[in-house]
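Please read the points below with the structure open beside you, taking each pair of residues in turn.

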Amino acid sequence: MAILRNAQRIMKFVTNGPSFDSVMTKVEVVAASHGKCRCEVTLDESHLNRGGSLHGGFTATLVDSVSTVAVMCADKPPGVSVDMNITYLSPAKEGDIIEIDAECLKVGKTLAFATVDIRNKSNGDRLVAQGRHTKHIAQQS
């Protein structure tokens with residue numbers, strides 16, 4: 001339970017303020033454990049592209065941000081992205097509930113590797129996108 005509360009505090013801290021991360025304001029951390037984080041968001045107009053489906057840039061931000069929280073749940077400080085890729089598999093639309101599951105595959109001294117599944121809970125947990133994220137771990141002093 002302490003890891004979940006910490007993950008929720010991290011997300012609230014990151015999204016508060018005028019920076020780009022404020023696009024994550026409506027994303028809620030619903031579960032967290034060592035090296036894992038699960039979030040949910042109900043899509044609204046601000047998350048969509050002009051075609052009315054989940055915006056690719058917002059999808060990439062979900063992969064980036066939720067996997068970073070997962071790394072922090074593994075007791076590592078946030079670092080910088082080294083590599084990130086996203087495979088877009090199916091659309092999601094306004095009103096759909098999206099679930100974002102991030103899990104650290106490996107957390108070493110200088111690099112962390114995470115995978116992220118984004119599913120549409122509104123249509124039978126259909127996979128919307130999958131991402132991989134490699135982060136350089138900030139050195140603690």
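1. Lys26 counts as partly exposed, at 47% relative accessibility, where partly exposed is the range between buried, under 20% relative accessible area, and exposed, over 50% (1.4 Å probe, protein chains only). This is a predicted model, in which local features need pLDDT of at least 70 and side-chain atom pairs count only at pLDDT 80 or more, while totals for chains, interfaces and linings use all residues. Residues are numbered from 1 along each chain as its sequence is written, and side-chain values use heavy atoms, with hydrogens and water left out.

2. The side chain of Lys26 meets that of Asp44 in a salt bridge at 2.4 Å, N to O, a salt bridge being a side-chain nitrogen of Lys or Arg within 4 Å of a carboxyl oxygen of Asp or Glu. Because Lys26 lies in the loop between α1 (2–15) and β1 (28–33) and Asp44 in the loop between β2 (36–42) and α2 (56–73), the pair ties together parts that are 18 residues apart in sequence; helices (H or I, at least four residues) and strands (E, at least two) are DSSP runs, numbered from the N terminus. Asp44, at 19% relative accessibility, counts as buried.

3. Arg38 forms a salt bridge with Asp101, with 2.7 Å between the closest N and O atoms. Arg38 lies in strand β2 and Asp101 in strand β4, so this pair ties together parts that are 63 residues apart in sequence. Arg38, Glu99 and Asp101 are linked in a network of salt bridges.

4. By this rule, the count of salt bridges comes to five.
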